[in-house]
Amino acid sequence: MGMFKNLAETLSAIKRERRLSTTNFAVELDISRSALQEYLEGKGNPRLSTIFFIAEKLNVDPAVLIFGETTNEALAEALTEQEQKELLVRLMGKYLDQMFASSENGAADLLRDILKTVTSCLDERAAETQAAENEEK
């Protein structure tokens, strides 16, 4: 899906549009220059909370940063319903991992296990769909 590639391209476009140096853009976003550089290169792995923070600073919808799309219609066209569900499950999983990283909470572990199971099922379904499409060709 290229979430981090879209983030890199979108941030780069905004930076160019505003004619800012990386340092000045990092100051505007209130993040470190090194973190911004990683995001611009598509190498960073920002937390979901960081994406929301940056979106707020830029006054844009977080979906713009994640998908590189500016409207819900464009987003709907860019992703199938299944892909939207898969992304939601993966983002929820990342969010829970971050939220409960240091927690010894049984509920958190249960939720994490449920999301891993759902993600695994989605991966299997995607593989089956791809195999069926390849057989048709």
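**Exercise 1. Determine what percentage of the residues of the chain count as buried, and how much area the chain exposes.**

Step 1. Apply the burial classes: buried means under 20% relative accessible area, exposed over 50%, and partly exposed in between (1.4 Å probe, protein chains only).
Step 2. Of the 137 residues of the chain, 33% fall in the buried class.
Step 3. Turn to the area, which comes from the Shrake-Rupley method with a 1.4 Å probe; for residues, only the protein chains shown count as cover. The chain exposes about 9000 Å², and carbon and sulfur atoms supply 50% of that.

The model is predicted: local features need pLDDT of at least 70, side-chain atom pairs count only at pLDDT 80 or more, and totals for chains, interfaces and linings use all residues. Residues are numbered from 1 along each chain as its sequence is written, and side-chain values use heavy atoms, with hydrogens and water left out.

**Exercise 2. State how confident the predictor is, and where confidence is lowest and highest.**

Step 1. The average over the chain is 76, and 64% of the residues score at least 70.
Step 2. Confidence is lowest in helix 6 (residues 72-78), with a mean of 52, and highest in helix 2, at 96.

**Exercise 3. List the secondary structure elements and describe the contacts by sequence separation.**

Step 1. Take helices (H or I, at least four residues) and strands (E, at least two) as DSSP runs, numbered from the N terminus.
Step 2. The chain has eight helices and zero strands. Read from the N terminus, the order is α-α-α-α-α-α-α-α.
Step 3. Count a contact where heavy atoms lie within 4.5 Å. Among contacts with a separation of 6 or more, 53% are between residues 24 or more positions apart.

**Exercise 4. Find which residues of helix 2 and helix 3 are buried, and how they are placed around each axis.**

Step 1. In helix 2 the buried residues are Thr22, Phe25, Ala26 and Leu29.
Step 2. The arc is that of the directions from the helix axis to the C-beta atoms.
Step 3. In helix 3 (residues 33-40), Ala35, Leu36, Tyr39 and Leu40 are buried. Seen down the axis, they fall within an arc of 135 degrees, so they line one face of helix 3.

**Exercise 5. Identify the salt bridges and place their partners.**

Step 1. Side chains of opposite charge can pair when their charged atoms come close.
Step 2. The count comes to two salt bridges.
Step 3. One of them joins the side chains of Glu28 and Arg18, with an N to O distance of 2.1 Å. Glu28 lies in helix 2 (residues 22-29) and Arg18 in helix 1, so the pair ties together parts that are 10 residues apart in sequence. Glu28 is partly exposed at 32% relative accessible area, and Arg18 is partly exposed at 35%. Leaving out residues up to four places away in sequence, Arg18 touches Glu28 and Leu58.
Step 4. A salt bridge also links the side chains of Glu41 and Lys43 (3.4 Å, N to O). Lys43 is exposed, at 62% relative accessibility.

**Exercise 6. Examine the positive phi values at Arg19, Asp30 and Gly42.**

Step 1. Most residues other than glycine have a negative phi.
Step 2. Arg19 is not a glycine, yet its phi is positive, near 55 degrees. Arg19 lies in the loop between helix 1 and helix 2 and is exposed, at 78%.
Step 3. Asp30, also not a glycine, has a positive phi of about 60 degrees. Asp30 follows helix 2, in the loop between helix 2 and helix 3, and is exposed at 53%.
Step 4. Gly42 follows helix 3, with a positive phi near 75 degrees.

Key:
Salt bridge = Lys/Arg side-chain N within 4 Å of Asp/Glu carboxyl O. pLDDT = per-residue confidence, 0-100.
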